[in-house]
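Colleague: Could you walk me through some backbone and packing features of this model? I would like to learn how to read them.

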Amino acid sequence: MYYVLLSGGSGKRLWPLSNDARPKQYLKVVNKETNSMEHCSMLQRVWDQLQEAGIAGNAVITAGGEQVELIKSQVQDAKIAVEPGRRDTFAAVLVSCAWLHSCGGASAEDYAAIMPVDPYTESAYFETVKKLEQVMKVSGAEVGLMGAAPSYPATKYGYILPGEKKEGWMEVRGFAEKPDEEQAEKLMEQGALWNCGVFCVRIGDILERAKKYGVPEDYQGLCASYEKLPKISFDYEVLEKAEHLAAVEFRGFWKDLGTWDALADQMSTDTIGNVVLDETCENTQVINELKMPVAVMGTRDLVVVASQDGILVTDKNQTARVKEIASGFSSRPMFEERRWGTLETLDDTESQGKATLTRKIHIYDGMTSSYHYHQYRDEIWTVLSGTGELILEGTKIPLSQGKAVCIRKNQRHAVKAFRDFEYIEIHVGTSTGSDDINRITFNWDEIELSHIL
């Protein structure tokens, strides 16, 4: 069986840390292990658990192209199926199966377990996922599901409604979406399961659905025709129309870290970053990514989050509304992570058709940028620390603290860090957006060849 981690969301429910450039699954704010003081991202934690379960070799991460560098910086050995656009979960599942069949060595008869990337759970969760293939074969179900036995009447989760119970699995008679507490208690009495968002499909069955929309079944052809697919969830397109579903029950710890209250509850400490949390505070967690200190006093049941993109102060009972609030903000992400390092936007100004962008760039030891050029802007660099090398139109320029260099429009350039390298980069022109980054190659050997030629 193959395993797919869907990792394409933007995670605006975790604003201001999470944004389009750094979605929630890449934030290094979860505990690496239970009761651990070491932090990692949701992706890193789940990937480690896949490796412990012995199934990482058959796993692929499905995400948008803009997230590829971020994934590689956190999970170097992962295979990635690039989704050419955001068209909800049905399209993501279809492109995942197409990648497995065209690029991953899977046959149409093989099965794939589709999983979200953000569960906070234990190793037994993945042992239960492994059972889905056999359940599919025994039951003849169109889709196999996994649900968690509820430990309390949760109102923020969907429920799988059980039908007839079989040996090691149960039939599914329907679903209930986010009930009120009274309904949730009744669902628990009926033996309903929390819907973990995990399901298993036969790869060929999913590829057959490509014909309905007139798109190819192979990965490259599907990507080229991706816009023809509907923006619809897998639940609406497949599950609600299926006549025969089966489910396995997971008995163990599971939590969806989709909101700040859920994430705060699993933090091993109440603070991350430069924070003073007064002893008069109760049930309050604070995360601060800023260099300036944050002081919190006399609060109860709050989450406070400070980053370059904004400051959030919210009652834990209101955290489900963060996405709604954050949807009204459309500014450029102020902090981004890349495969090669980080970038922090210090200023972004546009006036009378002219634009300036000032950023602090940090490149890790031995890492390189792409070889690229800009059509509509000049750049001025000032090195703050470290040593590196700039290749500018085939000419090598050594860089060290205090060095300044100007890069004009249409000049091809790339940089490599010899030792942790940091510089200020100022863009001046008529456009400072990512659409004016014209990449030639990421291969440093090819870039160095341009110097020789």
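Modeller: Let's begin with Pro16, which sits in the loop between β1 (2-6) and β2 (30-31). Strands here are DSSP runs of E with at least two residues, helices are runs of H or I with at least four, and both are numbered from the N terminus. Bear in mind that this is a predicted model, where local features need pLDDT of at least 70, side-chain atom pairs count only at pLDDT 80 or more, and totals for chains, interfaces and linings use all residues. Residues are numbered from 1 along each chain as its sequence is written, and side-chain values use heavy atoms, leaving out hydrogens and water.

Colleague: Is the peptide bond from Trp15 to Pro16 cis or trans?

Modeller: Most peptide bonds are trans, and most residues other than glycine have a negative phi. The bond from Trp15 to Pro16 is cis, with omega near 10°.

Colleague: Which phi does Lys178 have, positive or negative?

Modeller: Positive, about 35°, although Lys178 is not a glycine. Lys178 lies in the loop between β10 (170-176) and α6 (181-189). With a relative accessible area of 52%, Lys178 is exposed; that term means over 50%, buried means under 20%, and partly exposed is in between (1.4 Å probe, protein chains only).

Colleague: And what about Asn410?

Modeller: Asn410 also has a positive phi, about 70°, without being a glycine. Asn410 belongs to the loop between β26 (404-407) and β27 (413-429) and is partly exposed at 43%.

Colleague: Is Val296 buried or exposed?

Modeller: Val296, in strand β17 (residues 294-296), counts as buried because its relative accessibility is 7%. Beyond its neighbours within four places in sequence, its contacts (heavy atoms within 4.5 Å) include Val276, Leu277 and Val304.
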